[in-house]
Amino acid sequence: MSNVHIFWDNSNIHIVGLRNVMPIFEPNEDPYLFRSFFKGLFEVAHRNRNVKSAYVVGSIPPKNSSLWSHIESLGIHLELLERTASNKEAGVDQTLQTWMLRQAFDNIGSNDTFVVLTGDGSGSKLGKGFLADLQRIHNLGFNFEVISWEHGTNGNLQKYAQEKGKFISLENFYYNVTFIKGKRRADENIDFSKIN
């Protein structure tokens, strides 16, 4: 079984789940109660494989020390970046992509698999972004997987993953990777047979 390197764009996964997917699965629930279940997301990403490295990049504020501490307790390297004065994220994607490329160059010749949790495929025509860097990583001989919400994944990123790597739709694990605060707990019994 290969080692895995996990790169997780927390904002992309959470916001797409909240805006695009929750209204399909739970249209009558209050969106302010929607939460990502980090343990479930991490399990879908590693699927009992050896985690050689794992990175989550998020932005602050809001400062949520219990949330970030929970992520670190899973053995994930956490990097938090300050938002801009206009409350926009800055540098999250680039930071994750830097970690991806560093791990690729440090592990050339291995049979490692790179697992990316994002649906963001912008910038590839300019040679930058997650899609362009996954193409570089694949060209170095690595396997890769993209795990994302199908309802919010860049079409080119999804197509490339389906053709050259693996695309895993989070819709198949909606109840395992989300919960509704105070109302519905996440189902911790994950059926990995949904992954081809």
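User: What makes the link between the side chains of Lys 52 and Asp 112 a polar contact?

Analyst: This is a predicted model, and in it the side chains of Lys 52 and Asp 112 come to 3.3 Å. The cut-off for such an N or O pair is within 3.5 Å, so the pair counts as a polar contact. Lys 52 has a polar contact with the side chain of Asn 107 as well, at 2.7 Å.

User: Why is Lys 52 called partly exposed?

Analyst: Its relative accessible area is 41%. Buried would need under 20% and exposed over 50%, so Lys 52 falls in between. The residue sits in strand β3, which covers residues 50-60. Leaving out residues up to four places away in sequence, Lys 52 touches Asn 3, Val 4, His 5, Asn 107 and Asp 112. Asn 3 is 49 residues from Lys 52 in sequence, yet their C-alpha atoms are 5.8 Å apart.

User: Why are α4 and α5 called roughly parallel?

Analyst: Helix α4 (residues 92-106) and helix α5 (residues 130-139) pack at about 0 degrees, with axes 10 Å apart. Angles under 35 degrees count as roughly parallel, so that is the label here. On the α4 side, the contact includes Leu 96, Met 100 and Leu 101; on the α5 side, Phe 130, Leu 134 and Ile 137 are among the residues taking part. By class, the contact has seven nonpolar, one polar and three charged residues.

User: Which residues have the most contacts inside the largest nonpolar core?

Analyst: They are Ile 6, Trp 8, Leu 117, Ile 147 and Trp 149, in a core of 31 residues. Helix α2 gives the largest share, five residues. Leu 117 touches Ile 6, Trp 8 and Ile 147, among others. A separate core has 21 residues, including Trp 99, Phe 114, Leu 131 and Phe 142.

User: What makes residues like these count as a nonpolar core?

Analyst: They are buried nonpolar residues joined through side-chain atoms within 4.5 Å, so they form one set. In soluble globular proteins, nonpolar side chains tend to be buried together.

Key
Residues numbered from 1 in each chain as written. Predicted model: local features only at pLDDT ≥ 70, side-chain atom pairs only at ≥ 80, totals over all residues. Heavy atoms only, no water. Helix = DSSP H or I, 4+ residues; strand = E, 2+ residues; numbered from the N terminus. Buried < 20%, exposed > 50% of the residue type's maximum accessible area, 1.4 Å probe, protein only. Contact = heavy atoms within 4.5 Å. Polar contact = N/O pair within 3.5 Å; in protein donor to acceptor, adjacent residues only side chain to side chain. Axes fitted to C-alpha atoms, helices over the stretch in contact; angles between N-to-C directions. Parallel < 35°, antiparallel > 145°, perpendicular 65-115°, else oblique. Nonpolar A, V, L, I, M, F, W, Y, C, P; charged D, E, K, R; others polar.
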